Amino acid sequence: MGMSALYGEADRGESLATIHAALEAGVTLLDTGDFYGMGHNELLIGEALRSASEAARERALVSVKFGALRTVEGGFTGYDGRPDAVRNFAAYSLQRLGREHIDVYRIARVDPAVPIEETVGAIAELVQAGHVRHIGLSEVGPETIRRAASVAPIADLQIEYSLLSRGIESAILPTVRELGIGVTAYGVLSRGLLSGHFTRDRRLDAGDFRGMSPRFQGGNLHRNLDLVERLRQVAEARGTSVARAAIAWVLSRGEDIVPLVGARTRARLSEALGALEVRLTADDLAAIERAIPAGAASGERYPAAQMAHLDSEH
Ligand SMILES: NC(=O)c1ccc[n+]([C@@H]2O[C@H](COP(=O)([O-])OP(=O)(O)OC[C@H]3O[C@@H](n4cnc5c(N)ncnc54)[C@H](OP(=O)(O)O)[C@@H]3O)[C@@H](O)[C@H]2O)c1
């Protein structure tokens, strides 16, 4: 996402080099949305896969979100989950990606005007036709998860989960575990806030999501960065970095949880991959929990208008 939108300027050459480096390092899952830069991100991934080694290209799984409605100016005006729209979005995505199929396909946010059964049913038809391999969900709560799973097998739920966003632990995680659905966790670094590299005086480009995100505003930002400093002490005492500790903590939550990491450069990717070497003991996990207890974050994870679209928060 950050290679095409929402986190400020990205360098195209470095983005391609980062995707290639990730694939060569054994990363297999590339996550995108058709609305990330309005097609830009799918075209970028398509180009990166075409120029990757054949082995890397064959190992790669591409997970695509759809449904967001955009304006010419870049605004978001809602979501469309009608079966005709699902088929239309998928046709354009396949063309932009230059792939025969999409590995995991999901609506980014539930369309309140269309029952989830109809949206998932349309994806299930794409699975039957061979255009999609697996059905996913994004930012939905227990009831919607159960309704979706009654229509067709669901592979995974993509949802925010990190030391600063632990909302899924009470009801959503038990539900997906009961139903045998995996979790693709995003915001593992809380969009950079929990990376150890974000500073109080960082200036953000116009259009950067973080310029509107409650957790990055004024007193909230200061309190959240204080939490990050507490994590830094724990991480450095164990010879690792804040970002690695934050990713390793998500990895420690269970085999069924796959962390997405929004690295945009090879340097950030290399730091993130180092998390695979971090083994957190029970004592380490307790120290991390003391540094950032559940519910410690200041501010909601999205601005109010976007919170309203989160079925997972209702
Ligand atoms: N389903 C959904 O609703 C949803 C929502 C948002 C995102 N996502 C998915 O999740 C993916 C990851 O995005 P995210 O928001 O979760 O990203 P994230 O990993 O929480 O944060 C990424 C940001 O952290 C900074 N960073 C600092 N150190 C880093 C390091 N070592 N490795 C990686 N990043 C580092 C980077 O900023 P600098 O480059 O400036 O250093 C980068 O822009 C997206 O690409 C998207 O596919 C899904």
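Student: What gives the most to the shell around the ligand?

Tutor: In this predicted model, helix H10 gives the most to that shell, with three residues. H10 spans 266-273, and the elements that give two or more residues to the shell are E1 and H10.

Student: How many residues surround the ligand, and which are the closest?

Tutor: The ligand is surrounded by 28 residues, and the closest are Met1, Tyr186, Gly192, Ser195 and Gly262.

Student: What makes up the shell around the ligand by class?

Tutor: There are 11 nonpolar, 10 polar and seven charged residues in the shell. Gly counts as polar, so Gly192 and Gly262, two of the closest residues, belong to the polar class.

Student: Why is serine 190 called buried?

Tutor: A residue is buried if 20 or more other C-beta atoms lie within 10 Å of its own. Serine 190 has 24 such neighbours inside 10 Å and therefore counts as buried. Serine 190 lies in the loop between strand E8 (182-186) and helix H8 (218-237).

Student: Why is methionine 38 called partly exposed?

Tutor: The class lies between the limits of 12 or fewer for exposed and 20 or more for buried. Methionine 38 has 16 other C-beta atoms within 10 Å, so methionine 38 is partly exposed. Its place is the loop between strand E1 (29-33) and helix H2 (40-50).

Methods:
Residues numbered from 1 in each chain as written. Predicted model: local features only at pLDDT ≥ 70, side-chain atom pairs only at ≥ 80, totals over all residues. Helix = DSSP H or I, 4+ residues; strand = E, 2+ residues; numbered from the N terminus. Near = placed C-beta within 6 Å.
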